[in-house]
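Have the model open alongside as you read.

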Amino acid sequence: MCAALLTVAALAPPAAAGAAVPLPHRMADTGGGAQLITAEAPTADATRGTVVWWQRHNGRWRQAGSAPARFGSGGLTEGTTRVQGTSTTPTGLYDLPFAFGTEAAPPGTALPYRRVGPDSWWCEDNASASYNRWVDPRPADCAAAESERLADYPVQYGRALVTGFNYDRPVHGRGAGIFLHVNGKGATAGCVSVPAGAMARILSWLRPSAHPHLALGTAYGPTALTRY
């Protein structure tokens, strides 16, 4: 994750932060690629906001699509200090390792895509060597009660993107299984969710060669998207 010094723009209300300038141009870092997904909530205690996907061409970012989003029932919190079990969405800038789903990948999907089977799990057991990893089947040291059997969520995980939050070098206790996935019935347990149609469009649009990233944050304040 890229940490940046807090700026005056980050502390200002959205209207004072240069709303006419595309959001990626106001961010401290966009990951260095040509594709970016931003997930923005109005405040840190909000459970709804907007996901926008952006394409960079000739040095300029242009909006490629948008959708209403849902966040964790506990709101949003700084990703570097997040605590597992708080139902908060971790703010920050993350890569997108791979996609998965109980359904087939939508046409045009180029990102690596794993199909969920009956023994596909996401290990969230802090005592396991497989913490914050897809496992198939579930290893003995990963307790079922502390993990998610992905097939048990056929709607939410119909199609989903793994985020790089706490993924490369997992810190046990910080959190596991933070995805961009299809909406369920309400707020999430820390993930970001969008309507099924939007999820399909995002997967069809993403290109590994564009080094896409996901930025999570608020419109202003200490967790403003412009900080990441």
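A residue counts as buried under 20% relative accessible area, as exposed over 50%, and as partly exposed in between. D152, with its relative accessible area of 45%, is therefore partly exposed. Keep in mind that this is a predicted model.

**Salt bridges**

D152 has a charged partner: its side chain meets that of R149 in a salt bridge, 2.5 Å from N to O. R149 is partly exposed too, at a relative accessible area of 26%. In total the structure holds three salt bridges, listed here:

| Pair | N to O distance |
|---|---|
| R149 and D152 | 2.5 Å |
| R227 and E78 | 3.5 Å |
| E103 and R159 | 4.0 Å |

Take R227 and E78, whose side chains meet at 3.5 Å. R227 sits in the segment after strand 14 (213–218) and E78 in strand 4 (residues 76–78), so this pair ties together parts that are 149 residues apart in sequence. Both R227 and E78 are buried.

Then there's E103 with R159, where the closest N and O atoms are 4.0 Å apart. This pair also links distant parts of the chain, 56 residues apart: E103 is in the loop between strand 6 (99–101) and strand 7 (113–115), while R159 is in the loop between strand 10 (148–149) and strand 11 (160–162). E103 is partly exposed at 39% relative accessible area, whereas R159, at 18%, counts as buried.

**Strand 1 and its neighbours**

Where does strand 1 (residues 35–41) sit, enclosed or out in the open? Six of its seven residues are buried, so strand 1 is largely enclosed by the rest of the structure. Strand 2 (residues 48–57) pairs with strand 1 in the antiparallel sense over six bridges, and a hairpin of six residues joins the two. Within that pairing, I37 has W53 in strand 2 as its bridge partner. Strand 14 runs parallel to strand 1, and six bridges join them. There, E40 stands opposite G217 of strand 14.

**The largest pocket**

How much space lies in the largest pocket? About 360 Å³. Its lining is made up of 21 residues, with E148, Y157, T188, A189 and C191 lying nearest the centre. What is the lining's make-up in nonpolar, polar and charged residues? The lining divides into seven nonpolar, 10 polar and four charged residues.

Conventions:
Residues numbered from 1 in each chain as written. Predicted model: local features only at pLDDT ≥ 70, side-chain atom pairs only at ≥ 80, totals over all residues. Heavy atoms only, no water. 1 Å grid on protein atoms, 1.4 Å probe; cavity = no way out; pocket = protein on both sides within 12 Å on 5 of 7 lines; lining within 4 Å. Points joined across faces, edges and corners; volume = space filled by probe spheres on them. Nonpolar A, V, L, I, M, F, W, Y, C, P; charged D, E, K, R; others polar. Helix = DSSP H or I, 4+ residues; strand = E, 2+ residues; numbered from the N terminus. Buried < 20%, exposed > 50% of the residue type's maximum accessible area, 1.4 Å probe, protein only. Pairing = 2+ DSSP bridges.
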